[in-house]
Amino acid sequence: MFLKSLHLRQFRNYHDQVVEFDAAKTILVGNNAQGKSNLLEAVELLSTLRSHRTSRDRDLIRDGDTIAQIAAELERVTGTIDLAISLRQNSRRTVALNHQPVRRQLDFLGTLNTVQFSSLDLDLVRGGPEQRRHWLDSLLIQLEPVYAYILQQYNQILRQRNALLREGRGDGGGGRWGDEGGGAEADSSSVNELALWDAQLVTAGTRVIRRRSRVVQRLAPLARDWHQAISGSSEVLEIRYAPNVPLEQDDPAVVQQAFLEKLQTRAIAEQQQRSTLVGPHRDDVEFTINQTSARQYGSQGQQRTLVLALKLAELKLIEEVIGESPLLLLDDVLAELDLDRQNQLLEAIQDRFQTLITTTHLGSFDAQWLKSSQIFSVKAGHLFSSS
């Protein structure tokens, strides 16, 4: 796939900017806070309907305006597709494909596939489990857009169950439920309601767990191969999905039973903490290098090599599943990599993936790269062609 054009109106610090892409590699160069990352963020929104920088649409609208629009023309093997998003200050966003409104945002996902690699991703290894879950979920949405709905459904059930746990009043350890003084009838009602939410949590959570497990199994060998290439075959990377619910086999009935049993064993603790302690919202992904925890004992260089291998593996996996090469968005990441890792990354890209790169200077690129790239200078929300 190839992003042919991008049109930003009142988005972040852009007033009205059209960008025409005519090379496989586009370099956006400029000082910080000029709008380089904002442009990549717009492409990310077209791809995932999410921003990794904010969850509020009003943060994406230019100061003083009430609506922002992002439009793009994308070339795929099936033909040209027009994509558009309208973000509003005081109402819901809308999306359109080929100038036709799309009622379900789920139907918009999967049109534009991207892999984002920013300096924030370098914390993927040493950060908390939530960061790794978000990374895994974002990858799954690229591969299987319906996963966005599955995850949303699970999170809604989780919020409802947590609300019930917070409302429950008992003796804090005996598993009694209901308003104090409400008697056995109130206790029975609360227990029955919790059992209904348990069943829904288990059903939706099992769908999340099985998909996460499968994508890690597919990604792990690709990342291991890239990691060996980057490290000179001196280190072996292993990636293991660490579900909160035991996953002995990929059978929904078996996973659901294990889920229910663990809920039962944690029932008293959940009542005491007023929170759901079992489920995929507590999953993790473990990385080891030569059988040693990369998070606890990996050097900064090892951790950066690992993340670079993960991103290259994402590109390969999306390409295998989708049948087309995704876009690669590199947001100020070259400055965070040493010269060897920069070269590994740039060598892997070549012209195989359309790549948008932000940087504060061009010193990281050799003459051949610069010659074959489209270069824009970015200043105060304006792009100026330098190539």
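Predicted model: local features only at pLDDT ≥ 70, side-chain atom pairs only at ≥ 80, totals over all residues.
Residues are numbered from 1 along each chain as its sequence is written, and side-chain values use heavy atoms, with hydrogens and water left out.

Now select H9 itself, residues 339–349 (helices, H or I, are DSSP runs of at least four residues and strands, E, of at least two, numbered from the N terminus). Colour Arg-341, Gln-342, Leu-345, Leu-346, Ala-348 and Ile-349, which are buried (under 20% relative accessible area; exposed is over 50%, partly exposed in between, with a 1.4 Å probe and protein chains only). They span an arc of only 160° around the axis, so they sit on the same side of H9 (the arc uses directions from the helix axis to the C-beta atoms). At the N-terminal end, Asp-338 is the cap: one of its side-chain oxygens is 3.3 Å from the backbone nitrogen of Asp-340.

Next, jump to Ser-47 in helix H1 (residues 36–48). Ser-47 is buried, at 4% relative accessible area. Show its contacts (heavy atoms within 4.5 Å): beyond neighbours within four places in sequence, they include Leu-109, Asn-113 and Gln-142.

Last stop: Ser-91, in the loop between strands E5 (79–88) and E6 (94–97). Ser-91 is partly exposed, at 42%.

How values were computed. Polar contact = N/O pair within 3.5 Å; in protein donor to acceptor, adjacent residues only side chain to side chain.
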